[in-house]
Amino acid sequence: MSFVSVNIESATDSPVKLTRRALAKQRTRERVLAAARRLFSERGYEGATIRDIAQAAGMSTGAVFASFADKSELFEEILTADYEVIHAQMTQASRNAKTVDEALLGLFAVAYAFHVEQLPLLRASIAVSWTRSEAAERRARADLKHIFRLIGEALRRGVEEGQLKKDIDAKLLAEITWDVYVGNYRRAIYDGWSVEALLTRLSEQLKVIFAGARA
């Protein structure tokens with residue numbers, strides 16, 4: 001008796017095939033996001049209306065609202081996508097570092113390089129951060145937790161490897177470092193500082209911040 005080997009793949013192993021309608025909806029969403037990113041970068045948050053975004057995407061305002069509840073949700077999705085890209089690159093930069101200083105500068109070099117390329121969008125995100133709803137603020141902070149975790153891991157490695165004192169307040173140091181990093185963007189926005197100039201300033205600031213934490 002001969003046996004036929006049958007390879008049965010589970011449903012979870014098979015790629016999910018989208019229907020034509022689902023594919024069309026996905027493409028519409030991508031077109032809206034691309035158009036919105038471009039207009040937010042050119043005009044800022046307030047200067048880009050849903051009507052403008054719809055026109056730039058080549059569709060009706062109704063089509064935009066079919067994918068997004070309002071402009072704030074659309075803008076938030078763009079920022080979330082950016083954070084995911086930045087976090088992935090930051091993770092790699094941190095892993096390649098040999099010292100806590102290299103790790104932190106590597107992390108923020110990724111972010112500076114990313115945002116300096118699109119400063120108008122960064123300015124828009126800063127402006128929106130002061131007026132968004134509490135729910136949106138909680139979601140934004142949830143995104144940032146992943147980045148704070150990377151900063152915390154760099155500090156813990158610094159302690160474990162004898163670069164930093166064992167009794168440091170890692171949470172406070174991470175928050176101060178983050179605040180300084182964010183504050184430097186004003187130099188890029190208003191004074192035209194390059195990524196290299198921002199990193200040089202941050203390096204000097206970190207020396208002061210960690211002066212009392214060195215082992």
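Burial, contacts, rings and domains

Q: Where is S94 found?
A: S94 is found in helix α4, a helix being a DSSP run of H or I with at least four residues, numbered from the N terminus. The model is predicted: local features need pLDDT of at least 70 and side-chain atom pairs count only at pLDDT 80 or more, while totals for chains, interfaces and linings use all residues. Residues are numbered from 1 along each chain as its sequence is written, and side-chain values use heavy atoms, with hydrogens and water left out.

Q: Why is S94 called buried?
A: Buried means under 20% relative accessible area, exposed over 50%, and partly exposed in between (1.4 Å probe, protein chains only). The relative accessible area of S94 is 3%, so S94 is buried.

Q: What does S94 touch, not counting residues up to four places away in sequence?
A: S94 touches A103, L107 and R157, where contact means heavy atoms within 4.5 Å.

Q: What makes the S94 and R157 side chains a polar contact?
A: A polar contact needs a pair of N or O atoms within 3.5 Å; within protein, one must be able to donate a hydrogen and the other to accept it, and residues adjacent in sequence count only if both atoms are side-chain atoms. The side chains of S94 and R157 make such a contact at 3.0 Å.

Q: Why is S129 called partly exposed?
A: S129 has a relative accessible area of 27%, so S129 is partly exposed. S129 is found in helix α6, residues 119-129. The side chain of S129 reaches the backbone oxygen of I126 at 2.5 Å.

Q: Which are the buried residues of α6?
A: They are L119, L121, L122, A124, S125 and V128. These buried residues of α6 pack against α1, α4, α5 and α9 (185-191).

Q: What makes L172 count as partly exposed?
A: Its relative accessibility is 42%, and L172 therefore counts as partly exposed. L172 is found in helix α8. From C-alpha to C-alpha, L172 and G152 are 10.0 Å apart in space and 20 residues apart in sequence.

Q: How do you know that G192 is exposed?
A: G192 has a relative accessible area of 60%, so G192 is exposed. This glycine is found in the loop between α9 and α10 (195-209). The C-alpha atoms of G192 and V116 are separated by 9.3 Å, though the two are 76 residues apart along the chain.

Q: How many aromatic pairs does the count give?
A: Rings of Phe, Tyr and Trp (its six-membered ring) pair if their centres lie within 6.5 Å; planes under 30 degrees apart count as stacked, over 60 as edge-to-face and the rest as tilted. By this rule the count comes to 10 aromatic pairs.

Q: Why is the pair of Y45 and F75 called edge-to-face?
A: The ring centres of Y45 and F75 are 5.1 Å apart and the planes are at 65°, so the pair is edge-to-face. The pair links distant parts of the chain, with Y45 in helix α1 (residues 20-47) and F75 in helix α4 (residues 71-95), 30 residues apart. Y45 and F75 are both buried.

Q: What makes the pair of F108 and W178 tilted?
A: The planes of F108 and W178 are at 50° and the centres 6.5 Å apart, and the pair is tilted. F108 is in helix α5 (residues 100-116) and W178 in helix α8 (residues 170-183), 70 residues apart. F108 and W178 are buried. One aromatic cluster is formed by F108, Y112, F148, W178, Y181 and Y185.

Q: How do you know that K71 lies over the face of Y45?
A: A charge sits over a ring if NZ of Lys or CZ of Arg is within 6 Å of the ring centre and within 35 degrees of the ring normal. K71 lies over the face of Y45, at 4.3 Å from the ring centre.

Q: What does the domain assignment of the protein chain give?
A: The assignment gives domain 1 (18-68) and domain 2 (70-210), with bounds from an automatic or database domain assignment. Their centres, taken over C-alpha atoms, are separated by 28 Å. In domain 1, 16 residues are in contact with 14 residues of domain 2.

Q: What is the area buried between domain 1 and domain 2?
A: About 1400 Å² is buried between domain 1 and domain 2, and carbon and sulfur atoms give 65% of this area. Buried area is the accessible area (1.4 Å probe) that two parts lose on being put together, summed over both. R37, Y45 and F68 supply 47% of the area that domain 1 buries against domain 2, more than any other three residues.

Terms used
Helix = DSSP H or I, 4+ residues; strand = E, 2+ residues; numbered from the N terminus.
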